[in-house]
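Dear colleague,

I am passing on the structure below, and would be glad if you could look it over with the notes that follow.

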Amino acid sequence: MSYMLQHLHNGWQVDQAILSEEDRVVVIRFGHDWDPTCMVMDETLYRCAEKMKNFAVVYLVDISQVPDFNKMYELYDPCTTMFFYRNKHIMIDLGTGNNNKINWSMEDVQEFIDIVETVYRGARKGRGLVVSPKDYSTKYRY
Amino acid sequence: MREEMEEGHFDAQGTYIFDKTKEIRDNWIDNIDWVKVKHLNPDSSGTKRPLEGSDSSDEEEDESTKNAKTMKAYMSMLDILEKGETVAKAIRRLGKNKSKIPSASQRWKAKKKKTGGSEASAECDQEAVNKAIAEQKQMLQLTELSDMLIQQGIMDIYETPYERISFTLKQMREKSQDSRLTIAEKASDGDLLDMFADDFEGKEDGNKDQEESEKESNKGDAKVEFKMPAVPVDGKASAASSMGGVLWEYKEKDTDGAKIRGPFTTSQMSKWSDDGTFGPGVLCRKYQSEGQFYNSSRLDFDLYDE
């Protein structure tokens, strides 16, 4: 399903995508299209993208093709989703201890939209860190 | 063909035209004094013009009376609706017992039966029927009202819940109070211009005026509020959250059967979550979102205040 979502093929494109978006959250999934975790996440993203097109835009980045950010964002997980708003990385308190990113795949579409909406509302109010509506500490242990 | 040619002729397009110019001599038309008619014309247009003028002023009036009408409609709607109910739901609720209203033939049968006996049950039936008829009346009134509102451009009236209607009503009241207020302020401004020396007093007077009218508006609010404890009573808090604001509902226990309360405005939820009304946290979600419930301790209601 991921073919409907736009891929970014190099570091410049990623930078431009984050920079050029004026008033929407940029959601970037870092990973591999062939990875089963990513496949699940991409499916969710695909189903969300249309519903949240007013406040968010989704891009996919292959971390083998574009390794530029792997070190900076510590992209070691099979699937990592991060949020940016006006060239700023927005952190989310997910209850997991890692506020930088969602490094698992989500299946619930509404749940993900709720997170992105929270990010969007928080970022618009100038927050660099928002609290996700759901606490993922019990569901996903690290 | 020849006969036809005697009575008329064909024109270039082949249309047959009767040559009746001579025959049509109407005594009535002959009697009309065209000079008089011309005299009358400016008069009639003169009478028309003020009519048009009144039309346009009607439109202006419409603007003000429209609001009053809408407010009235909203108020009578509130009487019919139950708390947390949308108009469509109310119509469904009221229309449910329609089948209980007997048709004429059924009534006749019932009469026959009554003569036969079992009057107690018949009376019981009668009560139910009366109730159903009353509900039917209410439903018709409700549909009429919503139809009127739709004609005035409020297209989503059927999906509007009770709380939002009461909120809109209150806002409209405030607005009308405000417009009166600005007039009062203008008047006091005029006073200020007239007497510069006493401008301080004038200001004070203006403030007093404001205070008084505010009191009045509060009184008005109290009147509206009699039926809706769910909506924040203090006018300022509700005025801060705009109409487009998010509404919430919550339940205290994480079970399917738990009673869902709401809708509440964001400012109300924010207040409750700040002052500890929710305790360790209740489960909330956006009103009628059908999504999952989130713990209120993790929701930042400030984000939803526009």
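Helix α2 of chain A, covering residues 36-49, has 14 residues and spans 20 Å from first to last C-alpha, close to the 20 Å expected at 1.5 Å a residue, where the expected span is 1.5 Å times one less than the number of residues. Helices (H or I, at least four residues) and strands (E, at least two) are DSSP runs numbered from the N terminus. Please bear in mind that this is a predicted model, in which local features need pLDDT of at least 70 and side-chain atom pairs count only at pLDDT 80 or more, while totals for chains, interfaces and linings use all residues. Residues are numbered from 1 along each chain as its sequence is written, and chains are lettered from A and ligands numbered from 1 in the order in which they are written.

The buried residues of α2(A) are A:C38, A:M41, A:D42, A:T44, A:L45 and A:C48. Seen down the helix axis, they fall within an arc of 165°, so they line one face of α2(A); the arc is taken over the directions from the axis to the C-beta atoms. A residue is called buried if 20 or more other C-beta atoms lie within 10 Å of its own, exposed if 12 or fewer, and partly exposed in between, with C-beta atoms placed from the backbone. The cover over these buried residues includes β2 (25-31), β3 (56-62), β4 (79-85) and α3 (109-124) of chain A.

As for chain A as a whole, it has three helices and six strands, which run β-α-β-α-β-β-β-α-β from the N terminus on. Of its 142 residues, 37% are buried. Among contacts in chain A with a separation of 6 or more, 76% join residues 24 or more positions apart, a contact being two residues whose C-beta atoms, placed from the backbone, lie within 7 Å.

Two loop residues deserve a look. A:E74, in the loop between β3 and β4 of chain A, has a positive phi of about 55° although it is not a glycine, and is partly exposed, with 13 other C-beta atoms within 10 Å.

Finally, the interface: eight residues of chain B are in contact with 11 residues of chain A. The side of chain B that touches chain A has four nonpolar, two polar and two charged residues, where Ala, Val, Leu, Ile, Met, Phe, Trp, Tyr, Cys and Pro count as nonpolar, Asp, Glu, Lys and Arg as charged, and the others, Gly among them, as polar.
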